[in-house]
Every structure is written in structure tokens, then in C-alpha cells.
Amino acid sequence: MVIWKQKWSHMSVAAMLVLSLGVTGCASNNNNGGGNTANTGGNAEQGTNDGKAAEGTNSAGANAGSSADAKSEIEFMGWGGDTEKAVFQKLIDDYMKKYPNKKVKYTVVPPGEYYQKLDTLIAAKKTPDVFYAGGAHFNKLVNSDQLLNLDSLVESTGAVDPNNVWKAGLDRYRFDGKTVGAGSLYGLPKDVGPWAMAYNKDLFDKAGLPYPSAKAGEYTWDDMLAAAQKLTVKNARGKIDTFGIAGFSLEAAVWGNGGDWIDYSTGTVTIDTPEFAEAMQFAADLGNKYKVSPTPDDEKAQNGYARFVAGKIAMFPMGPWDQPGFWNLPFKWDIAAWPASPKTGKTATWLGSLGFVVGKNTDYPEDAFQLAAYLSLDRDSQKQNYELGQAVPNLIDMAKGEFLQMDKAPQTRQVFLDIIEDYGRPPVEVGSKNLKWLDTFNQDASQVWTGKKTAAEFLKEEQPKLQKLYDEGNK
Amino acid sequence: MKKKTTGFRRKEMLWSLAFVAPPVLGFLIFGLAPLLTSFGLSFMSWDMMTPAKFVGADNFVKMAEDEKFYKALYNTFYLLLGIPLGMIVALVLAMMMNRPLKGISIFRTIYYIPVVSPIIAISLLWQWLLNYDYGIINEFIWRIFGVQGPNWLGDPNWVKPSFLMLGLWGGVGGTMVLYLAGLQGISSTYYEAAEVDGASRWHQFRHITLPLLSPIHFFVVVMGIIGTFQAFSQMYILTPDGGPEYSGGTIVFYIFQEAFKYFNMGYASAVAWVLGILIFIVTLIQFRFSKRWVYQD
């Protein structure tokens, strides 16, 4: 009997060991696949979700009366590095201090995994209440009816003054299923990102060249090329040490020249126009023919950004978020308008944006909206954001007032505002749901950047292929 | 007495079930369920948000005319070259390591280190080694031959050779250890007899060493093919967008992109099933042919 007992206890210990091993084994299996990590995250959040549901039923009565003081718990999900995380954590802490009954749970996901995680949560019906969305993904979310229509809340709460927010920023989050900028509002801008051209003043001074103009249309491709040729310098080994320009934006060139990738109203890919070919050829020639810009090979070795901060590039694109990185540079710099096409005399550039959206099935539509409005437009947070060099304020009066007066580089901040108000355009992807066509274009375009094919040849071959991919994914 | 044994047996049965349950449940939940789901999904169109739609064989029809699918297939088959390459190098190394020298185990360990390093770390390391301007490989080529080395990860013609190099470096240690074990299992009597008969070193290698290692060749080939068909991590790190002109995209990489970048879950499942069937057929053929050349004692 004694022996049996001992055996028994041994066995139970063994069984427990095996069981726990089995469980941990499964758990780590689950973590192995890239996609599965998101699942684990989903499970982790299940607990709070359940808690929330219970709370929801408890306070249902109170909710019906006045929701301003009712308790709620909002899940907010975003991405970003350590800086962004710290900024938002502080904003949220302030928010919770201001409204003690409103709890906010903030989750940060690495940027590369964000949409994977979001889509998995949506598929599992655990959509966060407030979250980031932008570009093609925003369109997809609206089309599959996942986002809350904010029109009535804007009206009833008065938390957003549409006249004091960039039109370009709000319009990006209006979508009627076909055209961006038309229809109901489904999001509020987190920021608008005007893509301007930074230039190294010291290099221009050394070469005795005038600075590029801050006014759109005054400085053309020809001026830019002539300057770049004087600014490009070789080293002793015969390799180019300093380039005139890098990262010359294909979007800016094509749009400025009167072309475009696609006509979203008809769904026709329009890369096979002469305007497009001319612009693309010019962009490719900068590296291959004129040798004033790093070729893809050069970029691979050291990218334009690293070269610019090392003082080895005279002209380089930048967004407002690059400011903190550029503040400590040992040379003087400023921003200018994008060079204009000599043919049309016009210029255009890329205006990025990311938005806060509210999940359609949130338990607290009003509170979720209030949080989104706070994060998007609160004066203190907007001020802090631009002072940290993260963004241009979303509030027009603030941007045109104190933001312009700020005594840090770039001096000509007006360029950012011109882009937002005048010649900035949404990235090409805004308007599509599925981006395989655009990714394929970018990948295949290397044949032009390396000089294997002329732009005209390549675009003619590429058009039918992209049209097919676009139709498959978006119609 | 009899009653007691049945109770005991019952308990024993329950216990055995408890012991078996974790792996069985694990398999059912994490193995079989996804397997069946993906089979079903391969006949559907699903973006994870809107409900899945049954589309019949559409996914497979689309695959038959999908340029990128063929490119990924070609890339994957190209990488199979790494298997014979790895076997030759590993065998040479194993024979060099199979000598009773002082400190030989240190050398064996050195060659084995890459095998225990995570593939992500290896990929990041090679990203630097292969850098066009500053990489140690091109620096070496410049110092020795005075010419600029290729743009390893930027030129569509060199991306796959780069992967082969990386695979060789990372995998040769494991194969070497297998061969080492095989070599030590060959009885010296064979060589003694051959020497008495006047066989040269080459003949000894050709007619004794190689055939007696055939079970190991077989194992390495089978595992190598399966591993190559499943290659993913290196590509994900070194050519995150598939590389110039998709020269680095393998099948699994393509499946991943379709599933988690474009959210075409149905199509990705269909490609995954084609890959699974492909691996199955190739492995089956290998086992059939193995009877002809693998020596089993």
C-alpha cells in the first residue's frame, strides 16, 4: 500500500509535468508563425473585452441617461517607435486625469505587424474601439463596413470644428466607397505629412549657387539639374562623394508633368501616357545619365537619408517628422518647394496622412469619438506634437500662428503649409483597396532605375499587367 | 480481487489518456484544424473582414496564369542547387575533420556554430557581409582582384547566388556532423582489405566511402529538399519586398505576402496546398528511387 501511494504521488507529479509541458509547448508553437503572434495578442485582450462587456450591461441604465460621466473603457491601438509611444501615453494619461471615469487601454504594435494584427482582431470580432488607419487600408475598412460613420457625432458633440482643420486632412477620411474626399466622414487625421524638399545650405553656399525657391513653380527641373551638376563632387578614387540630389520623388515628377498612375473614377491605369514616361525618364536619368543622384546600387550601399545627414547630398525630400533628426545636423538647411516641370510650370507633391478611426461595433461610440477628437485636435497635444517636431498642427489657426513663428529649422515653414493647402496630393495608393498592382509597379520599375529599359518601353509593357492586377483586387 | 484490478485498470486507462491528451489535443487544435480550414479556404475568397465566398476552383485557375507564382516556383527550384553544393563541401569538411588531430573538436565546433545560430541573426549578419559598397566580401574582391564585386542583393542575377552562399555557410555544419558520424561508422576493415588489393585512395573513396554513406546522402537530400521548399526567413530579412524583379521571392514567401500583405487568404491557402502536394510527390519519388541506390545493411 505504501509503495502504491508513493507510485501514485510520483505519477501525479509526472502527469502535472507532462501537462504543463504540453501546454507551454502548444503556446510556443503558436508563437512560431508570423501570423499566429497576432492571435496570441487577441487572446490576451479577450480578458479585458469580457470585463468590458459585463461593465457595459451594468451601466446600461446610466448610459441611456447621460453618457458624459458614465464609466467606459476604450481600447486604443496604434503603432510607432518609443518616441511616439511616450507622447501618446502621456496624452492618454492626461485624458484619463481630465475624465476620471473614462479609462483608455493603449496598445502599441510594431509598424510592420500592425495591419496583420488589426485584421486578425477584426476577423476575431475583437476590433479595438479607436485605432490608426490610413491609405489603402482605410478604404478597405470602409468598404467592408468596419468603421463608424462620424457625421452625426461631429454634428451633435461639436468636438470638431471643420473650419479649423485642414480640408486636405479631413477629406482624406471621407469615402463613399469609390472616391476619396466624397461621402461621409469615417476618421480624423492624426497628422498630415507634406513631403517637401530639404536642401543643404552650406553646400549651396560653397558652390556659390542661389537657394531653390520656396514658391511653387519658380524652380524647375532644369534649374534643379543645373544646380545638381555643380553640386556633385567626385572623390580621389573617382567615386562620387557628394550628390546633387537624392530621392527625387517619382510621384512629384509625374504629377507635376500632368500624368498620373490611375484614374480612380474609371479604374483605368494610366501609366502609359507620354507625360508619365517623360517624368519617369527624367527621374531615372538623374542617376544613370547625368550622374547627379545615387543609383539604386549606391542607395543599396548607403541610403539617401544617411548620405544627407552626413552632408553628402545637397537636395533631399523630407517630411515634418524628420525635423528632430535634422535639428542636430552640423550644417544649415531649409526647405523649398518641389521643382516644377518645365513643360507645365507646375509642381505637386505627396501629402501623407494617417487617421484615427472608430470601430463600428464599439460599445461606447460617443466616448470613442471623443477620444479620437482629443488625440487629433486637442490644443495642448497639438502644441506638444509640433514642438517635438513630430508634425504640422492639424488646427489651422495654430499652424498659421505659433507654428510658423517657431525659431527652429526649417526657417521657411510656410512651404509645409503651401503643400497642405495647395499642391499636395494624396499618395497613389489612396483610392485602392488592394495594392498588389502598385507594389508590382514599384518592383518592376527597377528595370528603369538601373537603366535596363527606357521608361516608355517599360510603361507600355507594364500597363496591361497592372490593369489586370488592379481589376482583380479592386473591382 | 477481480473487481479491484478492473478499477485499477480503469484508473490506468484514464491516466494513459491524460498523458496522451496534450499532444493529441495539440495536434487536433494546431495541426489538423488549420489543415482542414486551409483546405476549405483554398476554394474560397476571404479577406478576413467580409464573409468568405465560395469560388470553386477559381484560385487554382488564377494560379495557373499567375506570373509571380511561376517566378516564385522557379526561384525555389533554383535554390535546390544548394543541396548538392552543400553535400560536397560538407563531405570534404567531414573527411578533414575525421582525423585524430589534437584540438580537432574545436574545429568541429567552429563549423557547427552557424547551425545553432538563429536564421534571423545569420541573415542580418550576411546583409552586412553582402553590402555592395562596404561589405567585407566586396572589399575582399577589391583587395585581391582589383575589381568591384557584384551588387549581391541589388542585382536580380546575384540575389539567388547570395542565398546559396548564405545557405551553404549556415547549413554545412549540420550536414558535416551527419557525415562525420557516417564516416566513423565505416569499419576500417574495408579499407585494409582494399589496400591489400592495391586500390588507390580515389578508388577507396569512390567504392567504399561513398556507397556506405548513401543512407546519409538520402537523408540529407530529402531533408534538404523539404527545407528548401519551405525557405522563408532569409528572404524576409534580405529582400523584404521580394528583391529586384522578384528575384528573391520563394513560394512560402509568396504565400506569406498573399496572406498577410494582401489578405487573399483563399488564394494563399490554395498556393500552400499546391506546395504541400509538390513536396509530397517529390518525397514519394525519392523514396521509390532510394531502393536503387541507398545501401541498407
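This is a predicted model: local features need pLDDT of at least 70, side-chain atom pairs count only at pLDDT 80 or more; totals for chains, interfaces and linings use all residues.
Biologist: Which hand does the crossing of α4(B) and α8(B) have?

Modeller: The crossing of these two helices is right-handed.

Biologist: Which residues of α4(B) and α8(B) meet?

Modeller: On the α4(B) side they include B:L85, B:V89, B:L93 and B:M97. Among those they meet in α8(B) are B:L164, B:L168, B:V172 and B:Y179. To count as a contact, heavy atoms must be within 4.5 Å.

Biologist: How many nonpolar, polar and charged residues does the contact of α4(B) with α8(B) have?

Modeller: By class there are 16 nonpolar and 3 polar residues, and no charged ones.

Biologist: How is chain A divided into domains?

Modeller: Domain 1 of chain A takes 71–193 + 353–405, and domain 2 of chain A takes 196–351 + 433–474. Their C-alpha centres lie 31 Å apart.

Biologist: How many residues of domain 1 of chain A are in contact with domain 2 of chain A?

Modeller: There are 15 residues of domain 1 in contact with 9 residues of domain 2. The two domains of chain A bury about 1,100 Å² between them, with 61% of it on carbon and sulfur atoms. Of the area that domain 1 buries against domain 2, A:A136, A:G193 and A:G389 supply 40%, more than any other three residues.

Biologist: What area do chain A and chain B bury between them?

Modeller: About 3,500 Å², of which 59% is on carbon and sulfur atoms. The contact takes 41 residues from chain A and 42 residues from chain B. In chain A, A:K300, A:K436 and A:Q443 lose the most area to chain B, together 17% of what that side buries.

Biologist: Why is area used to describe an interface?

Modeller: The size of an interface is often given as the accessible area lost when the parts come together.

Biologist: What is the omega of the cis peptide bond from A:A409 to A:P410?

Modeller: Omega is near 0° for that bond. A:P410 lies in the loop between α18 (396–405) and α19 (414–423) of chain A.

Key:
Residues are numbered from 1 along each chain as its sequence is written. Chains are lettered from A and ligands numbered from 1 in the order in which they are written. Side-chain values use heavy atoms; hydrogens and water are left out. A crossing is left-handed if the near helix is turned anticlockwise from the far one by less than a right angle, and right-handed if clockwise. Helices (H or I, at least four residues) and strands (E, at least two) are DSSP runs, numbered from the N terminus. Ala, Val, Leu, Ile, Met, Phe, Trp, Tyr, Cys and Pro count as nonpolar, Asp, Glu, Lys and Arg as charged, and the others, Gly among them, as polar. Domain bounds come from an automatic or database domain assignment. Buried area is the accessible area (1.4 Å probe) that two parts lose on being put together, summed over both.
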